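The following paragraphs are intended to be read alongside the sequence and the coordinates. They treat charged pairs and a helix crossing in turn.

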Amino acid sequence: MVEAQTWTTRRMSNPRLESTATADHQLLDIPATPTAEVRNGIYSVGSHLSPNLLTALIIASWFMSNIGVLLLNKYLLSFYGYRYPIFLTMLHMISCACYSYVAINFLEIVPRQHILSRKQFFKIFALSAIFCFSVVCGNTSLRYIPVSFNQAIGATTPFFTAIFAFLITCKKESAEVYCALLPVVFGIVLASNSEPLFNLFGFLVCVGSTAGRALKSVVQGILLTSEAEKLHSMNLLLYMAPMAAMILLPFTLYIEGNVARITLEKAKTDSFIVFLLVGNATVAYLVNLTNFLVTKHTSALTLQVLGNAKAAIAAFVSVMIFKNPVTVMGMAGFAVTIMGVVLYSEAKKRSKVTTH
């Protein structure tokens, strides 16, 4: 005869199998439901680190990648003699596309998002074109001007952001915000007039790069406004990078010639170029990855503050490494610009508090 068995379920306990024929109670060993990370086989890199130590390591990685890509670009384009900034930027984009695909589809650092419509595709394509312009101009400027001067000009991004926000969206800032931008501009004028290695073309393309970076942030806020079209920064990079590489391909072929063949021939006699290009492209992706990680573990405001500090540190390190001459007036102009950026950030915070 088969013994009758019943289930008794108790809150916060495993189900117990009770037998009516025996006094013994048998416990079923039912394992706890695994977490999403365990189910997907995902384990956090910093799971065994304290939160403070993990944040410190991420910030250190952010500094190293951001300053490293600047120094590598400068060395390649100015000192090593690799004078192909468009092709170099295309390698950056291909690298970002490949690493992003692995990070999202295999490592699953963020959930995969998809392009939902042709309209959204063209919006992202427009952002890619602006992104291309900004990065190519920035890399090109490093051929002609020192990293320290490049960073001083790059610090004026808030000035161009305010201009484009007003011209495109008619968004007006408070008088305090506009006043805070005055030392930003004054500092660059001061630094430009006293820069020993000033180059007009390098200065203009660096200004173009800075303006392009500001324009991208404003246009991105306009184009990807609906919740359905908003993409995570890492997903946006996944789609923008291959588009940017395709945009740059005809330009590098037309302007720089058969640079791929030249690079391969160079690699046959000097394998160091392979290490430089692969390392440079990898660090270019790490810049985007650490931007995301810093924002995730701290805040967007912290990233902005770190950006100001990075400009000063990158300028100092580049002077130590490349020995480019600097003047007291040039350093003073750089300091005034950074001070203006800090004042601008504080004024923006206060204006947001008063509007809310």
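K349 counts as partly exposed, at 35% relative accessibility (partly exposed lies between buried, under 20% relative accessible area, and exposed, over 50%, with a 1.4 Å probe and protein chains only). The model is a predicted one, in which local features need pLDDT of at least 70 and side-chain atom pairs count only at pLDDT 80 or more, while totals for chains, interfaces and linings use all residues. Residues are numbered from 1 along each chain as its sequence is written, and side-chain values use heavy atoms, with hydrogens and water left out.

K349 forms a salt bridge with E346, and the closest N and O atoms are 3.2 Å apart; a salt bridge here is a side-chain nitrogen of Lys or Arg within 4 Å of a carboxyl oxygen of Asp or Glu. Both K349 and E346 belong to helix α13, three residues apart, or about one turn of the helix. Helices (H or I, at least four residues) are DSSP runs, numbered from the N terminus. E346 is likewise partly exposed, with a relative accessible area of 34%.

Over the whole structure, a search finds five salt bridges. Another of them pairs R350 with E176, with the closest N and O atoms 2.5 Å apart. This pair links distant parts of the chain, since R350 lies in helix α13 (residues 328-355) and E176 in helix α7 (residues 175-193), 174 residues apart. R350 is partly exposed at 42%, and E176 is partly exposed at 38%.

K171 forms a salt bridge with E173, the closest N and O atoms lying 3.9 Å apart.

A lysine in another helix may be considered next. K216 is located in helix α8 (residues 200-223) and is buried, with a relative accessible area of 19%. Leaving aside residues up to four places away in sequence, K216 touches L127, I130, F131 and M240, where contact means heavy atoms within 4.5 Å.

The axes of α3 (residues 85-105) and α11 (residues 272-297) come within 8 Å and cross at roughly 60°; axes are lines fitted to C-alpha atoms, for helices over the stretch in contact, and angles run from 0 to 180 degrees between N-to-C directions. The contact involves, among others, L88, L91 and Y99 of α3 and L277, A281 and Y285 of α11.

Conventions
Helices (H or I, at least four residues) and strands (E, at least two) are DSSP runs, numbered from the N terminus.
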